[in-house]
Structures are given as C-alpha cells and as structure tokens.
Amino acid sequence: MRRLLARRMKFHLFGAFLVSLGCAAIYKFGVAEPRKRAYAEFYRNYDPMKDFEAMRRAGVFESAPPK
C-alpha cells in the first residue's frame, strides 16, 4: 500500500493530460477551423452596401427611411 496514491496520481495526471490534448485537438479541427473557413467564405463575397440597401428597403432602420 506504500506510495499507492503517488502511483495512481502519475497515471491519472498522464491520462488527464492526454484527454485534454485530445479535446483541444477535436475542438480546433472540428469547430474552430470550419468556423474560420465559413467566415472567410462569407466575407469573400459580402457586399455591405448591398446588404444595407436591402435592410433599408425592408424598413429596418429608423434613421434611413426606405426610398
């Protein structure tokens, strides 16, 4: 029973480290990178003036009434 806690702690710390690295990698490649690509694609073709005019025609803005 001597040093049981120390042996178990080494095992659990190593396991926790591996699990956390795995979770970080899954998040990066499963969530963050696709999100970056989606934003880049959206803003590659985005025209803010066209969007503004569409919202203006819809009556979204009080300070810029529809023409």
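Two rings of Phe, Tyr or Trp count as an aromatic pair here if their centres lie within 6.5 Å. With that in hand, welcome to a short tour of this predicted model.

**View 1. Aromatic pairs across the structure.** Searching the whole structure turns up four aromatic pairs. One of them joins Y43 and Y46 in an edge-to-face arrangement.

**View 2. The ring cluster of F42, Y43 and Y46.** Ring pairs tie F42, Y43 and Y46 together into a cluster.

**View 3. A lysine over a phenylalanine ring.** Here K28 sits over the face of F29. The distance to the ring centre is 5.5 Å.

**View 4. The chain as a whole.** Stepping back, the protein shows two helices and zero strands. Its radius of gyration is 26 Å, well over the 11 Å from the globule rule for 67 residues, so the protein is more spread out than a compact globule. Along the principal axes, the C-alpha atoms fill a box of roughly 85 × 25 × 10 Å.

**View 5. Surface and charge.** Of the 67 residues, 3% count as buried. The protein exposes about 6,500 Å², with 66% of that supplied by carbon and sulfur atoms. There are 14 positive and 6 negative side chains, and the centres of these two sets are 25 Å apart.

Notes
Residues numbered from 1 in each chain as written. Predicted model: local features only at pLDDT ≥ 70, side-chain atom pairs only at ≥ 80, totals over all residues. Heavy atoms only, no water. Helix = DSSP H or I, 4+ residues; strand = E, 2+ residues; numbered from the N terminus. Rg over C-alpha atoms; globule rule 2.2 N^0.38 Å. Buried < 20%, exposed > 50% of the residue type's maximum accessible area, 1.4 Å probe, protein only. Areas by Shrake-Rupley, 256 points an atom, 1.4 Å probe, with all protein chains shown as cover. Lys, Arg positive; Asp, Glu negative; His and termini not counted. Charge placed at Lys NZ, Arg CZ, Asp CG, Glu CD. Phe/Tyr/Trp six-rings, centres within 6.5 Å; stacked < 30°, edge-to-face > 60°. Lys NZ or Arg CZ within 6 Å of the ring centre and 35° of its normal.
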